[in-house]
Protein chains: 6
Amino acid sequence: MSPQVVTLGEAMLRLSAPAGERLEAVESLDVHVAGAEANVAAALASLGVPVAWVSALPDLPLGRRVARALRGAGVDVGFVEWVDQGRIGLFFIEFGATPRPTAVWYDRQTSAFSQMSEFDPTVLDEARFAVSSGVTMALGDGPRRLAESFIGAARERGVSVCLDVNYRERLWAPSAARRVLEPMLGQAKIIVCSRRDAERVFGVDDAEGAEAAALELRERFAPEAAALVLTDGASGCVGISGSSVFVQAAPTARVVDRIGAGDAFVAGLLWGMLSDVGLGESLRYATALGALACTVRGDQALFTPAEIRAAATETVAMIR
Amino acid sequence: MSPQVVTLGEAMLRLSAPAGERLEAVESLDVHVAGAEANVAAALASLGVPVAWVSALPDLPLGRRVARALRGAGVDVGFVEWVDQGRIGLFFIEFGATPRPTAVWYDRQTSAFSQMSEFDPTVLDEARFAVSSGVTMALGDGPRRLAESFIGAARERGVSVCLDVNYRERLWAPSAARRVLEPMLGQAKIIVCSRRDAERVFGVDDAEGAEAAALELRERFAPEAAALVLTDGASGCVGISGSSVFVQAAPTARVVDRIGAGDAFVAGLLWGMLSDVGLGESLRYATALGALACTVRGDQALFTPAEIRAAATETVAMIR
Amino acid sequence: MSPQVVTLGEAMLRLSAPAGERLEAVESLDVHVAGAEANVAAALASLGVPVAWVSALPDLPLGRRVARALRGAGVDVGFVEWVDQGRIGLFFIEFGATPRPTAVWYDRQTSAFSQMSEFDPTVLDEARFAVSSGVTMALGDGPRRLAESFIGAARERGVSVCLDVNYRERLWAPSAARRVLEPMLGQAKIIVCSRRDAERVFGVDDAEGAEAAALELRERFAPEAAALVLTDGASGCVGISGSSVFVQAAPTARVVDRIGAGDAFVAGLLWGMLSDVGLGESLRYATALGALACTVRGDQALFTPAEIRAAATETVAMIR
Amino acid sequence: MSPQVVTLGEAMLRLSAPAGERLEAVESLDVHVAGAEANVAAALASLGVPVAWVSALPDLPLGRRVARALRGAGVDVGFVEWVDQGRIGLFFIEFGATPRPTAVWYDRQTSAFSQMSEFDPTVLDEARFAVSSGVTMALGDGPRRLAESFIGAARERGVSVCLDVNYRERLWAPSAARRVLEPMLGQAKIIVCSRRDAERVFGVDDAEGAEAAALELRERFAPEAAALVLTDGASGCVGISGSSVFVQAAPTARVVDRIGAGDAFVAGLLWGMLSDVGLGESLRYATALGALACTVRGDQALFTPAEIRAAATETVAMIR
Amino acid sequence: MSPQVVTLGEAMLRLSAPAGERLEAVESLDVHVAGAEANVAAALASLGVPVAWVSALPDLPLGRRVARALRGAGVDVGFVEWVDQGRIGLFFIEFGATPRPTAVWYDRQTSAFSQMSEFDPTVLDEARFAVSSGVTMALGDGPRRLAESFIGAARERGVSVCLDVNYRERLWAPSAARRVLEPMLGQAKIIVCSRRDAERVFGVDDAEGAEAAALELRERFAPEAAALVLTDGASGCVGISGSSVFVQAAPTARVVDRIGAGDAFVAGLLWGMLSDVGLGESLRYATALGALACTVRGDQALFTPAEIRAAATETVAMIR
Amino acid sequence: MSPQVVTLGEAMLRLSAPAGERLEAVESLDVHVAGAEANVAAALASLGVPVAWVSALPDLPLGRRVARALRGAGVDVGFVEWVDQGRIGLFFIEFGATPRPTAVWYDRQTSAFSQMSEFDPTVLDEARFAVSSGVTMALGDGPRRLAESFIGAARERGVSVCLDVNYRERLWAPSAARRVLEPMLGQAKIIVCSRRDAERVFGVDDAEGAEAAALELRERFAPEAAALVLTDGASGCVGISGSSVFVQAAPTARVVDRIGAGDAFVAGLLWGMLSDVGLGESLRYATALGALACTVRGDQALFTPAEIRAAATETVAMIR
């Protein structure tokens, strides 16, 4: 089946110490597959959406480890470039417990993806959404140019671009992020950004509340966006579509593993958009899948439509 | 030692995914022994009560797995029928975390127990209590008739019948349950029923509160019951004995694994009744053992008398 | 990609006690996906062959568990029928150590697959091989008729049928197996049969050695087979194609988990046949993949072409 | 059921490092229940023999851990004395791999059993065999006197005493062992002794082979023994009964965990004797159960009659 | 490097059942190294302080297990006495969940340390602090005399003695503790005592609040103490130095494993004192490290200076 | 204590799939510390030799993980340089089973050590041996120059240089290795080289057997070596010292994990040399420790003097 959604980005192996254990004394590491755009793809595939993930992997067991997980979730990995050079990116996690924070260490330099320079644009031929995120732009000039070409190819075909700002302070400075991301926001139809990133990357004034910040972000950086969503972690989000503003609280979640929840949010949002239920309803799915993602170990949120619907809270969105 | 308590029902192997893992991606399953009446027997044996469990098991390793666990807890399994035909019943659990619910899938059809048609009534000769539950009645005509014959044999010997309504919507409809259970309630001396089952199975009006519901249940369906207890999950229970009404709050519990807590409640109740401490005090033990059961992995609540006493909250029961 | 190979059969969850542990005392069970034809499909997919697996699965987490594993290996599961009724078949393993045998207990009755009655024959449109095995025929009249219709559809399209005799004494008697399998052998182009099954099911005289037995099997039951292979466990196999006879020794293997090795053998054989390297060379791959399968836990032999080539022993086949 | 066999001795918790790990770096320890006479009891119970184990345990969770395991295997633990003082004996194991030997460290001083001074002799009223071993005599004056009183009570009731020499160099010197054990051998009807212990404890000349040594041992130390068996580890045993000599080879075994195999041997021997099949046949069961014990983790050999029969090699015993 | 801090006391192996499991059914035990003064040493070493631990260990794998862990944390174990006699002390833990309490069983009698009678006082030559605790005094006359001699040697060298009252009701009675500890408090410069121990051991009136109790404790028992800290579990502590009183709240902690938190508190306190930041600031580190200790499995709190600083709450201490 | 032995080289984290599992499907990875010269240091420290390891580590949890393990074994890590830049080197292992080979994938580029450029030569002031290996030279110009400067500093102080050729084909070509290593061999007093490396790197003719090859290697490349040892894997080694030739068979070993055995061999050799027992006796220890290393999981061979002596086979060395 031709993919309705295409995502572009790096996948890594995530190596985590068991909860309550410290990396500096660790005897075994749990292995999961992660990466913002791969997570979005896996979550959508699990919901039944035909989705392809465009990336590069080393032709080694650990590269196959990644492909097997994504393919198992239902993602089309036929557009992955298999390369002889380059590592698989890694990151290490030590799960925290207050007052000890959860800590992440990236080890993704010289990865196969970071050296990828082109892709087959026909993957986008039948798509409705092309998805990438700020993490990809942060990985260096190569990935950035690749993402630009991906966005360009999408626009040529009339495919809506969905961009998650996803700022990572370990990868680049706010000013660098803004310089790169600002023109991209202008080309995106769907934008997801956390309230905190809006402030530190784009200098949006947060003092007037999330709604005002969302409006400011759209007006200044993304006037063409059909939908702009400002997330606020566990508490919920604000979405703007045209002149409508939606406020959506998130379901309460008992957190097992929060990492990847933001990507699940994006997947839930897109699932709603693909179902043509409107932004308000889509935000319900976004917050529901984000909450569900917190309840399972691993980055990926593999849930069924029935599960996402059951977790979606009653619509409390105010519509203006 | 001759059993003071005899329970009749099916035991299954419970196969559960590790917490935080999903069944659809599971790599290993934890194995526990479960089954309402087997759980009651194990908890009572652990408290030092001579107790026998009447059932059927396939003469296979997994059947022996069940017998070994119960015998290890101290249950007399000498009245178990070992059969060549029939499976061991199974059920699968995925533990939830809000907003993802804990989910259970039964796989118990054509089990050895469901094909059992008779038992040796001499097991009841010296007993004080004969215990079964609505789950057993729900397993088909065979088990229902077996339970009826068990209750009949108990009454012939002057053994008090204890019945836990234990309605399971995956096994039968409320109307079917009522048709079968109503005459049985009339024969039971001790009845345990959840507030929710009282309403959905027996149509008891819950609007006036637990106490009124308990009274209505007894008056309409179990006028001869010496003790009727309406449970209300984690919050506590109401007990009625003659004209006395006892209200007992449950101890606060940090829940590790809630499954089997209701059976522990019944065991705690019977342990009190066997000690002749009266219904009010027995409810303290019931709620205490129910709470303790939530704190350990597995269905079975294997605690000592000292532990149950330490966990029993101060009596807050009001007596009328 | 259209499948080059299509396999039809049941997949089960295999639940095994850790090595050195007994099922009757087991505390956790390792979960793998298994099933003769699913194993063949997974091994071929791993080798890069486009392959589809035709079957039925319950639309439940454990059904999805099976699909996820096969899809992860690269198998096309788009022709699987998802049903609301029926269990997922199970089997339990206790791994032995001399003198304690490895033991298997099936628990597969009333499975979703056993109730499947039709399939979409277009899956075969572009295929070169249609694969099934005697296990499928043994599961009852429904599966047998389904397999007959599968073979019929293959023949209509000129797709070569590959049949692995795979006799299971726990499922049916030798005479019943012969009655069903004999006409099927007549329709198969590629037949794999163990020396032992040739004797006990088809009454082939084994006294004159494997080569004579293979010739007798072909002459009596499968005169049209393009290739007939008689396996002899860890020691190797004899293959007959036209008037050529090939004898192939198996590589020495240190056995971690022998179960599934026969299915890997079939996959290796077909991989060779698809590469058009001739039966002799194909037997080298068959024995190599069978040996490799013994070195990993689980039923499925997921190896790369480079790995199978490295493990293939020097050709020692004699050609007549 | 009244016990047919009664064993007396200490049970310990065995804490073992996972295979391939060293105790000095161990992160988790596997827990098993062990102890020569408890092992014999558990193996017999598993074979269906009514058997009681006489001992003392601390009334603490780890004491209950022991009782639960033995009761689970079917052993009657009603004659265990529960005490407030005294530890549970422990021993630690590091499993070896050539040239690194398996090593055992005892930590059993001041155990509850070592302070036990009396038992209820009525346990022997209906028994056929009373079993103890040299380990018990080695634990100090108290256990030795207890064992003497056990043997005396058995003889008063006409119960045959079975004694396994079971010399432990970590517990006492050969000369001390001989001084204590010599008079006991004179009272035993069934004696099991390893060839090596016969030489180092009793000074039996081994140069003429096992048969001569067995005869010498009986003539010098146990003229009244109805059966004397000299074991020779994995290779087999020699048994003497009256003027008959039986030589029995042991089945080949792939060793997972050899500890406890000697106790399984004794259990197999007694199971044969209880079945009145004669010493020769009993030795087949002894070597079979000893071999089976090596194939499972843990000290205890919990097998069914069908399993022991399947593992018993063809009788190769020579009868004189 | 010469140690700046020297601690004296016993280390044990801590064997704990996995969370949610009961010791009486445990299949494996997690192994950690523990012991009040060893914990203090390990935490300080992890913070970069040169620290030696004075103790005795059996020259056996489990003794080496202890030394390896402490050495790995950076503790100088060159002053440990390796002995041929004596066990390694053990204790067993079952982690609780309300209403089931966490339970600890000691098994430390006849340990190598309890038989230790002298030490090399030159270890103290360059030290600033000599640390021991009431647990050590409670282990018998030998350990008590050893501790007295340790304190004496410290005072001779002008090394400040730090004493943690650390009363253990399983080891001795309050009156015995007071008799032994009272003269020791008079010699200590730094004293840590829980509010509860102040009351039950020293009879300090707690009714007037923590501050009054701390003052009373110092005035009556430790007039020379340069710093006296009264802890109040998770809520915080009160510290007195000269006429200054500091009140420090503890950071909120999500508790993974509370055992050892008190020792981490002492280490944090000493780390502050060694940094000459004053008692108020030191209490911030003490509560921070105590809280961090609760967030990891095991007794030992191995954190970096950066981590302790990040966890230290804002100073809320009031200074008088 | 001043180190008697100083080793220089990289340590890595070794991440291995559980035995029988494939990396491409791995769910958890076991973590060990490894690296040729770190392994030598750890083994010697475990034998009681004062030994320092000179290297660089990133100041991150995984860097501390390495230091903790080595310090725990007793290695002096005070000369390790802690750096802010650079990764911790990794390598991944999939353990094989015939015919599937054990496979290793390095992921060590841009490691902290590979960027290290100087060290504190005073570490060598009191040493007898300075140890490095060909792996270090293969890591690039920086490490090579560092090693040269290490060797130079050793020679200035009269410290004997010990060099293990340790050729790794994944790191460099034989010709490059020879160009770098040849001048170094000329400066080493103790040289260890495998028979295979002698041939492929140095072009030594192996046809005349190990003894002739050893002699040729010494004559051509290392005329000043006081001891040259040619190893031959599991079968043993040949050692040459002056005009004496020693042939030493290795003890039979049941292999749990062969990786690191060569480093253990070097440590055993040096332990003998430090004990001044002569080369012949030292080879016994070398082969013994090499064999013991195979019996435990992980790269490091942490054994006591008693254990190495027990494993050392009888001297079968021929002396000329």
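## A salt bridge between chains A and F

A:Arg87 and F:Asp107 form a salt bridge, with their closest N and O atoms 2.6 Å apart. A salt bridge here is a side-chain nitrogen of Lys or Arg within 4 Å of a carboxyl oxygen of Asp or Glu. Across the interface of chain A and chain F, 8 salt bridges are found.

## Basis of the values

This is a predicted model, in which local features need pLDDT of at least 70 and side-chain atom pairs count only at pLDDT 80 or more, while totals for chains, interfaces and linings use all residues. Residues are numbered from 1 along each chain as its sequence is written, chains are lettered from A in the order in which they are written, and side-chain values use heavy atoms, with hydrogens and water left out.

## Extent of the interface

Contact (heavy atoms within 4.5 Å) links 21 residues of chain A with 21 residues of chain F. The two chains bury about 2,200 Å² between them, 59% of it on carbon and sulfur atoms; buried area is the accessible area (1.4 Å probe) that two parts lose on being put together, summed over both. In chain A, the residues that lose the most area to chain F are A:Glu24, A:Pro61 and A:Leu62, together 25% of what that side buries.

## Paired strands

Strand β3(A) and strand β3 (residues 28-34) of chain F run antiparallel and are joined by 3 bridges. Strands are DSSP runs (E, at least two residues), numbered from the N terminus, and two of them pair if DSSP finds at least two bridges between them. A:Leu29 has F:Leu29 as its bridge partner in β3(F).

Terms used:
Helix = DSSP H or I, 4+ residues; strand = E, 2+ residues; numbered from the N terminus.
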